[in-house]
Amino acid sequence: MTFKSRFAPSPTGLLHVGNARSALLNWVHIKNKNGEFILRIDDTDKEKSKPEFVEAIIEDLRWLGITWSKKFKQSDRKSIYEDKISFLKSSQKLYPCFESTEELALKRKSLLITGKPPIYDRSALKLSNDQINTLINQGKRPHWRFRLEDKIVEWDDLIKGKISFDSKNLSDPILIREDGSFLYHLPSVVDDIEEKITDIIRGEDHISNTAFHIQIFEALSAKTPKFGHHPFLTDEKGKSFGKRIGSLSIKNLRDKGYESITLLNYLLSIGTSKNISKIKDINFLIKKFTINTISSSPPKFSNEVLKFLNKDILQLYEFSEIEEKFKKLNIEIATEEFWSFVKYNIYFFSDTINWWNIVNSDEIYITDQKDFLTIAAEMLPDEPYDFNTWDEWITKIKEKTKKRGKDLFMPLRLALTGRETGPELKYLIPLLKKEQILKKFAQ
């Protein structure tokens, strides 16, 4: 048996951290079962679906490192859906309804007023064939509902455990609109059958859909996949992101300079019983993941935590692993010593540009403290410099000036970098020339 999972984004906008997490959960889960991952583009909404969003989603997934064995668009599979529709109609599982949106809203309102659940009353089932034909001849186009069996629908959810629905409490779902276009349900189930999908992990907003889908699987004599429903991300106060999650698109995070492996670590860790992982090897990260560690409580997404995680991840890399990244920043002659100098003091790799400019500058950053800097310049050892040079130099300056603490270190840091904070200066000195330091000290 080949295990298969899929990610099915709608190309109506950019991929954000919420649906990227769904993609990752499916991908990593099925990878651990040596299965196949399929990318399905749910583009049946012709008005909202845009080709540019399809390309953007694919680019974002590839940047995250997600791979797939097959990719297809639902808009290319209409004939497959039509075949299944014919079968469901012939088996009387699909039935035509002619109520307008306004009529359905009125029925719903009436039921709510009387304290009854707003469930469709199946009045369309009372129509005879002659009445149906008459309505069609009058120019009315039906929408089509799937007739649910009167039974309890249960499944063992991969994340939430046992879930059950009494079909009496569910309205027969509409599968086909008046214009003949499909709602989410039918194409999704048919594709899962055609592709032999075995495992589906998606947002908890699909729980009621799953109750529908299980019955559609059964009506089409197909094996039902295993389902898992994860809770949505919230902000740090536990509130829903809503439309604000658009600002957390993968593209925006990539443009800000986040490493893809940082996103993988974070999105696979939050909402689980484990601490946030800091693993740079994607294969090792995959092996550590298990679906049963996901909590049923909504995970809180923090930009600040993500930023510090990116900093921690960068510190894991040796110079040989990131040398090519320097070249992309047009820093062709970066060295291992330079990476040792900056790696613990950057949040994003692009921050290295600022430090590269400082290291290669003889700019004078401070004009006061002239007497102190003159003494410091006189105490400066001759080249070559190494990591021990700083301690030797600072000891001589301390003995000469009797300065301690901030009074001793801050003028030197400001003169060398123009900043009050930054990397340990013992890692900076080996990157500088004596002539350069003297110029910075206005000597």
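This report describes the pockets and the aromatic contacts of a predicted model.

## The largest pocket

The largest pocket of the model has a volume of about 1100 Å³. Its lining is made up of 39 residues, and those closest to the centre of the pocket are Ala8, Ser10, Asn19, Asp205 and His206. Strand E1 (4-7), helix H1 (17-31) and strand E9 (199-203) each contribute at least two residues to this lining, and H1 gives the most, with five residues.

By residue type, the lining of the largest pocket divides into 15 nonpolar, 16 polar and eight charged residues.

## The second largest pocket

The second largest pocket has a volume of about 420 Å³, and it is lined by 20 residues, of which Trp63, Tyr258, Glu259, Ser260 and Lys325 lie nearest its centre. Two or more lining residues come from each of helix H2 (51-64), helix H9 (260-269) and helix H12 (319-328), with the largest share, four residues, supplied by H12.

The lining of the second largest pocket comprises ten nonpolar, four polar and six charged residues.

## Aromatic pairs

Across the whole structure, a search finds 17 aromatic pairs. One of these joins Tyr81 and Phe182, whose ring centres are 5.6 Å apart and whose planes meet at 85 degrees, so the pair is edge-to-face. This pair links distant parts of the chain, since Tyr81 belongs to helix H3 (residues 78-90) while Phe182 lies in the loop between strand E8 (174-176) and helix H6 (185-194), 101 residues apart. Tyr81 counts as buried, at 0% relative accessibility, and Phe182 is likewise buried, with a relative accessible area of 8%.

Another edge-to-face pair is formed by Trp390 and Trp393, with 5.9 Å from centre to centre and 85 degrees between the planes. These two residues are three apart in helix H16 (residues 389-401), so they are separated by about one helical turn. Trp390 counts as buried at 8% relative accessibility, and Trp393 counts as buried at 0%.

## An aromatic cluster and charges over rings

Ring pairs also link Phe319, Phe326, Phe338, Trp339, Phe341, Phe349, Trp355 and Trp356 into a cluster. Trp355, a member of this cluster, also has a charged neighbour, for the charged end of Arg419 sits over the ring of Trp355, 4.5 Å from its centre.

A further arrangement of this kind involves Lys311, whose charged end sits over the ring of Tyr347 at 4.9 Å from the ring centre.

Notes:
Residues are numbered from 1 along each chain as its sequence is written. This is a predicted model: local features need pLDDT of at least 70, side-chain atom pairs count only at pLDDT 80 or more; totals for chains, interfaces and linings use all residues. Side-chain values use heavy atoms; hydrogens and water are left out. On a 1 Å grid over the protein atoms alone, a cavity is a set of points where a 1.4 Å probe fits but cannot get out, and a pocket is an open set with protein on both sides within 12 Å along at least five of seven lines; lining residues have an atom within 4 Å of a point. Grid points are joined across faces, edges and corners, and a volume is the space filled by probe spheres set on the points. Ala, Val, Leu, Ile, Met, Phe, Trp, Tyr, Cys and Pro count as nonpolar, Asp, Glu, Lys and Arg as charged, and the others, Gly among them, as polar. Rings of Phe, Tyr and Trp (its six-membered ring) pair if their centres lie within 6.5 Å; planes under 30 degrees apart count as stacked, over 60 as edge-to-face and the rest as tilted. Buried means under 20% relative accessible area, exposed over 50%, partly exposed in between (1.4 Å probe, protein chains only). A charge sits over a ring if NZ of Lys or CZ of Arg is within 6 Å of the ring centre and within 35 degrees of the ring normal.
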